[in-house]
Amino acid sequence: MISSSHFSIFCIILVSLFALQQCEIENMEENLNASKIVVYLSPCVRKRCSFSLFKNCHCCRGKYHFCSKNIKVCEKECLRLNPPRPLP
């Protein structure tokens, strides 16, 4: 026969396992949401300007080329000249 103390320990273990399983499900949902991170890739790449030995310019990656010594100017113009494709 099972004593009442054994039965209560069994119930505590059963409840704990259920709580642990629920916690695991919540963690899996959080991991799925965290995997939807979008990485920003600049439309500009560092290149050499004219006859310089150093990569001191930022130029567009796309079909239409534009170069600038200022990264912000390059990004603005590249996005205007080569708009990003819509996400599926």
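These legends go with a set of close-up views of a predicted model.

The model is predicted, so local features need pLDDT of at least 70 and side-chain atom pairs count only at pLDDT 80 or more, while totals for chains, interfaces and linings use all residues. Residues are numbered from 1 along each chain as its sequence is written, and side-chain values use heavy atoms, with hydrogens and water left out.

**View 1. The sheet: three strands in the order β1-β2-β3.**
Here is an open sheet with antiparallel pairing and the strand order β1-β2-β3. β1 and β3 (67-68) sit at the edges with a single partner strand each, so one side of each has no neighbour in the sheet. Strands here are DSSP runs of E with at least two residues, helices are runs of H or I with at least four residues, and both are numbered from the N terminus. Two strands count as paired if DSSP finds at least two bridges between them. As background, strands of a sheet pair through backbone hydrogen bonds, either parallel or antiparallel.

**View 2. Zooming in on the strand pairs.**
Four bridges hold β1 and β2 together, and the two run antiparallel. In this pair, V45 has C59 of β2 as its bridge partner. On to the next pair: β2 and β3 also run antiparallel, joined by two bridges. There, H58 is found opposite S68 in β3. β2 and β3 make a hairpin, with six residues between them.

**View 3. Both faces of β2.**
Look along β2 and you'll see C57 and C59 pointing one way, with H58 and C60 pointing the other way; all of them are buried. Buried means under 20% relative accessible area, exposed means over 50%, and partly exposed is in between, using a 1.4 Å probe and protein chains only. C59 has a relative accessibility of 4%, and C60 comes in at 2%.

**View 4. Helix α2 against the sheet.**
α2 packs on the sheet and touches β1, β2 and β3, with its direction making about 10° with that of β2. Contact means heavy atoms within 4.5 Å. The axes are lines fitted to C-alpha atoms, for helices over the stretch in contact, and the angles run from 0 to 180 degrees between N-to-C directions. The buried residues of the helix are C74, E75 and C78. Viewed down the axis of α2, these buried residues fall within an arc of 95°, so they line one face of the helix. That arc is taken over the directions from the helix axis to the C-beta atoms. The buried residues of α2 pack against β1, β2 and β3, whereas K72, K76 and R80 are exposed on the other side of α2.

The structure holds three disulfides, where a disulfide is a pair of cysteine sulfur atoms within 2.5 Å. In this one, the sulfurs of C44 and C74 are 2.1 Å apart. C44 belongs to strand β1 (residues 44-47) and C74 to helix α2, so the pair ties together parts that are 30 residues apart in sequence. The S-S torsion of C44 and C74 is about -115°, so the disulfide is left-handed. Both ends are tucked away: C44 is buried at 5% relative accessibility, and C74 is buried at 0%.

C60 and C78 are joined S to S at 1.8 Å. C60 is in strand β2 (residues 57-60) and C78 is in helix α2, so to speak distant parts of the chain, 18 residues apart. With an S-S torsion of about -100°, the disulfide of C60 and C78 is left-handed. C78 has a relative accessibility of 1%, which counts as buried.

**View 5. The C59–C67 disulfide, a right-handed one.**
The sulfur atoms of C59 and C67 are 1.9 Å apart. Their S-S torsion is about 115°, so this disulfide is right-handed. While C59 is buried, C67 is partly exposed, with a relative accessible area of 43%.

Searching the whole structure turns up one salt bridge, meaning a side-chain nitrogen of Lys or Arg within 4 Å of a carboxyl oxygen of Asp or Glu. The side chains of R80 and E77 make it, at 2.7 Å from N to O. R80 and E77 are three residues apart in helix α2 (residues 71-81), so about one helical turn separates them. R80 is exposed, with a relative accessible area of 55%.
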